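The following account is written for a reader who meets this structure for the first time.

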Amino acid sequence: MAATLRLTGEMVKIIIHSNLQAQAIQNVGLIRRHLNSELTTALRPFYFAVHPDLFGQHPEQRQTNENSLKLLSAHLEALYQQSYRNEEAEVLKFYVRESAATEKRDMFRLVQIRMDRSTRDPKKFIQDLLESCNLSTDYIKSVKSMPPVKPQESLANKPSYDYYYNTDFSAFETQFRNEATSARPILSIWMEENAAKARQRAKETSEMEAEIDKLKNVLVRDLQLRDARYECGWNIEHYRGCLKSLQRLSQTHGTVLETLRNRVVVFAPFTGISLEGHVMLFTGDVQNNWIDFIKNIPQHDAYLKVVPVYELTLSQVLRNIQIGRRKFMPKQQARGYANHLMKVTTSLNDFLSKQLYPKSWPQTLKEFTIVVESEAGPLMVSPTGQFITPATCPGAILVDFISQNMKLARERMTKYETDKHIEQQLIEESITRLKLQSLTKDDAVTPDKMISALRDLRLCQPEHFVHIKLHISHYYSVLTDGIVCIPWDFMQK
């Protein structure tokens, strides 16, 4: 009887696949659009900026964006159908990256969008949405406003566009690539039309940034900080206000602020100590609350001390596997991460109390790396060859998943090691040849895609790229800070 109850590897894989599909549907849901193709095209940059799969290693930001996308879907459908409810306006919250610049990839901005029922034109709402996220509105401005839909008019004759948000970003990308391909611009023509605008926007933004950088450098010097950063949802003028507030505190509570010496201070949506040991100060708090927290920083630091112990414990239980940290996650607090590590360790110990690891396993797993995500994270092999697991994954399923994917992990690690060197070489070559100010990419653009894009850039003439901040993404846009976004597959039809 016992033998018949044991799950085969194939059965476990089926269970994993089914569970992940169910989880994707439950957590993300179906996003249904009743919009014409022009408005759908206008939304493309927004979806690529906030899509949850771009925040796979940032559970807080991912969950926020997932929830808001569901509400956004319902609101857009209500705008189209004129099926409004008598409710107060809700606020949508979306996390977007503060900048495409490499040194700011760990900085997020919380965008808050008011779903005001008085704005009943989908075009107007989408335009406001793009502006809030620092995305270009040039295309949406050229689109005609949609005529109102009569309540009795059947939707059966209206175009319908369905979008399923799941854990497979490639499927999401394919859906958008298949839309309006005939309208895809030619890069050289598009750059000729937009290069001057990008340089002007970069100049205007740089003047404000120069003032803020000067203020930040003075504060870093006076308080002997390692750095000061801004990861909140308001504009950079608010960042300047936060810096001035902390500067005033340094003049009135200098002794207390000595605790910040050699620390990274982050103005953020909450107050606490991050997993990296950064001091997070909520931008909405009064200065007295900042002082009260700073006085108690030593107590909060105690949580940081247990994280290496929990990581070492998990590594030893899983045959000395390497434990990967969430690199771009300043908002993850040490206490929560330690709890996730403990859950995975407990699940594996429960497994080992009943049976041993498979005989096919090597004596050590030190060549592999595992990253522990939150309870809602995916179970997958990353493009770099890391095993990604949610904290709630049962030990038996995790063991079987590792067994079935060791070969794939090795192949991806090897490929990544090769590709990243080629990628870096091509980046340097492109910056020099095109005389770019900078060249960056989205996290979702894997090294092989980036290599393809950079090789295609070799065919481009440099005159329109001089002093441009170029960002390889999935769409064309000129951001308000002057960064030029182009799709990685701009040469493909």
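Of the 493 residues in the protein, 49% are buried. The model is a predicted one, and its secondary structure comprises 14 helices and 16 strands. Among the contacts with a separation of 6 or more, 70% are accounted for by residues 24 or more positions apart.

The crossing of H11 and H12 is left-handed. On the side of H11, the residues that meet H12 are Tyr303, Leu304, Val306, Val307, Tyr310, Glu311, Thr313, Leu314 and Val317. Their counterparts in H12 are Ala334, Arg335, Tyr337, Ala338, Leu341, Met342, Val344, Thr345, Leu348, Asn349 and Leu352. Sorted by class, the contact of H11 with H12 has 15 nonpolar, 3 polar and 2 charged residues.

H12 also packs against helix H13, formed by residues 395-434. Here the axes lie 8 Å apart, and the angle is about 85°. Since angles of 65 to 115 degrees count as roughly perpendicular, H12 is roughly perpendicular to H13. Val344, Ser347, Leu348 and Phe351 of H12 make this contact with Gly395, Ala396, Leu398 and Val399 of H13. By class, the contact of H12 with H13 has 6 nonpolar, 2 polar and no charged residues.

A pair of aromatic rings is described by the distance of the centres and the angle of the planes. In the whole structure, a search finds 9 aromatic pairs. In one of them, the ring centres of tyrosine 357 and tryptophan 361 are 4.6 Å apart and the planes stand at 15°, so the pair is stacked. Both tyrosine 357 and tryptophan 361 are buried. Phenylalanine 368 and phenylalanine 387 form a tilted pair, with 5.6 Å from centre to centre and 50° between the planes. This pair links distant parts of the chain, 19 residues apart: phenylalanine 368 lies in the loop between H12 and strand S10 (369-373), whereas phenylalanine 387 belongs to strand S12 (residues 387-390). Phenylalanine 368 and phenylalanine 387 are both buried. Elsewhere, ring pairs join Tyr230, Tyr239, Phe267 and Trp290 into a cluster.

In helix H14 (residues 447-457), 8 of the 11 residues are buried, so H14 is largely enclosed by the rest of the structure. The buried residues of H14 are Pro447, Lys449, Met450, Ile451, Ala453, Leu454, Asp456 and Leu457. Serine 473 is located in strand S14, which covers residues 469-473. With a relative accessible area of 0%, serine 473 is buried, because a residue counts as buried under 20%. Leaving aside residues up to four places away in sequence, serine 473 touches Asp442, Val445, Cys485, Ile486, Pro487 and Trp488.

Notes:
Residues are numbered from 1 along each chain as its sequence is written. This is a predicted model: local features need pLDDT of at least 70, side-chain atom pairs count only at pLDDT 80 or more; totals for chains, interfaces and linings use all residues. Side-chain values use heavy atoms; hydrogens and water are left out. A crossing is left-handed if the near helix is turned anticlockwise from the far one by less than a right angle, and right-handed if clockwise. Helices (H or I, at least four residues) and strands (E, at least two) are DSSP runs, numbered from the N terminus. Contact means heavy atoms within 4.5 Å. Ala, Val, Leu, Ile, Met, Phe, Trp, Tyr, Cys and Pro count as nonpolar, Asp, Glu, Lys and Arg as charged, and the others, Gly among them, as polar. Rings of Phe, Tyr and Trp (its six-membered ring) pair if their centres lie within 6.5 Å; planes under 30 degrees apart count as stacked, over 60 as edge-to-face and the rest as tilted. Buried means under 20% relative accessible area, exposed over 50%, partly exposed in between (1.4 Å probe, protein chains only). Axes are lines fitted to C-alpha atoms, for helices over the stretch in contact, and angles run from 0 to 180 degrees between N-to-C directions. Angles under 35 degrees count as roughly parallel, over 145 as roughly antiparallel, 65 to 115 as roughly perpendicular and the rest as oblique.
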